[in-house]
Amino acid sequence: MSADASEITELVHDMGLAPAKLARKIKPIMAKTGLATKRRLQADLRASPHFKPAARSIDYDVKTFGFDGTGIIQVEVGPNAQRDTTAALAGLAYFGGSNGGGGTVADPVVAMRQEEPILLGFLEMATEGLL
């Protein structure tokens, strides 16, 4: 009895390449989502008469860890004191101060949640036709 396993061998090979192919597609999507979230946070701060200057401190960074096609892509978005000294104002704008005041700008999680359906749509498109 004999069997032709060439198609199975080819499928296994393609599946082995899938993580690297997917990673090349996902990193730009994650970066674009980070930029969009940054812009939303900046717009929220700019709309506040008291915390407008803190918009200058909003930054984003894309990092990869163990990136051999199966690693982690991390996007960090928020106030950055190294970018601008107004970063401390952002904390007051989002969460308020110990003696009252502040807390008038939407929590950064809101901006992230607004970008979530867009991100998921692009990730779904990235996986189509992967194998």
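In which strand is the place of Thr64? The legends below, which describe a predicted model, come to that residue in the second view.

View 1. The chain has 131 residues, of which 25% are buried. Among the contacts in the chain with a separation of 6 or more, 57% are between residues 24 or more positions apart.

**View 2. Thr64 and its surroundings.** Thr64 has its place in strand 1, which covers residues 58–65. With a relative accessibility of 33%, Thr64 counts as partly exposed. When residues up to four places away in sequence are not counted, Thr64 touches Lys27, Ile72 and Ile73. The C-alpha atom of Thr64 is separated by 6.2 Å from that of Gln74, a residue 10 positions apart from Thr64 along the chain.

View 3. Lys27 lies in helix 1, and its relative accessibility of 38% makes it partly exposed. Leaving aside neighbours within four places in sequence, Lys27 is in contact with Val62, Thr64 and Ile73. Between the C-alpha atoms of Lys27 and Lys63, which are 36 residues apart along the chain, there is a separation of 9.3 Å.

**View 4. The largest pocket and its lining.** The largest pocket has a volume of about 300 Å³ and is lined by 15 residues, with Thr33, Thr37, Val75, Val77 and Met112 lying nearest its centre. Helix 1 (6–46), strand 2 (72–79) and helix 3 (108–127) each supply at least two residues of this lining, and helix 3 gives the most, with 7 residues. By kind, the lining of the largest pocket divides into 8 nonpolar, 3 polar and 4 charged residues.

**View 5. Thr37, one of the residues nearest the centre of the largest pocket.** Thr37 has its place in helix 1. Because its relative accessible area is 8%, and buried means under 20%, Thr37 is counted as buried. The side chain of Thr37 reaches the backbone oxygen of Thr33 at 2.9 Å, and Thr33 is likewise among the residues that lie nearest the centre of the largest pocket. Not counting residues up to four places away in sequence, Thr37 touches Val77, Ala111, Met112 and Glu115.

**View 6. The largest nonpolar core, and a second one.** The largest nonpolar core is made up of 11 residues, namely Leu41, Leu45, Phe51, Ala54, Ala55, Ile58, Ala90, Ala93, Tyr94, Val105 and Ala111. Helix 1 and helix 2 (87–95) each supply at least two residues of this core, and the largest share, 3 residues, comes from helix 2. As general background, nonpolar side chains in soluble globular proteins tend to be buried together.

**View 7. Ala111, a member of the largest nonpolar core.** Apart from residues up to four places away in sequence, which are not counted, Ala111 touches Thr37, Arg40 and Leu41.

Technical notes:
Residues are numbered from 1 along each chain as its sequence is written. This is a predicted model: local features need pLDDT of at least 70, side-chain atom pairs count only at pLDDT 80 or more; totals for chains, interfaces and linings use all residues. Side-chain values use heavy atoms; hydrogens and water are left out. On a 1 Å grid over the protein atoms alone, a cavity is a set of points where a 1.4 Å probe fits but cannot get out, and a pocket is an open set with protein on both sides within 12 Å along at least five of seven lines; lining residues have an atom within 4 Å of a point. Grid points are joined across faces, edges and corners, and a volume is the space filled by probe spheres set on the points. Helices (H or I, at least four residues) and strands (E, at least two) are DSSP runs, numbered from the N terminus. Ala, Val, Leu, Ile, Met, Phe, Trp, Tyr, Cys and Pro count as nonpolar, Asp, Glu, Lys and Arg as charged, and the others, Gly among them, as polar. Buried means under 20% relative accessible area, exposed over 50%, partly exposed in between (1.4 Å probe, protein chains only). A polar contact is a pair of N or O atoms within 3.5 Å; within protein, one must be able to donate a hydrogen and the other to accept it, and residues adjacent in sequence count only if both atoms are side-chain atoms. Contact means heavy atoms within 4.5 Å. A nonpolar core is a set of buried Ala, Val, Leu, Ile, Met, Phe, Trp, Tyr and Cys residues joined through side-chain atoms within 4.5 Å.
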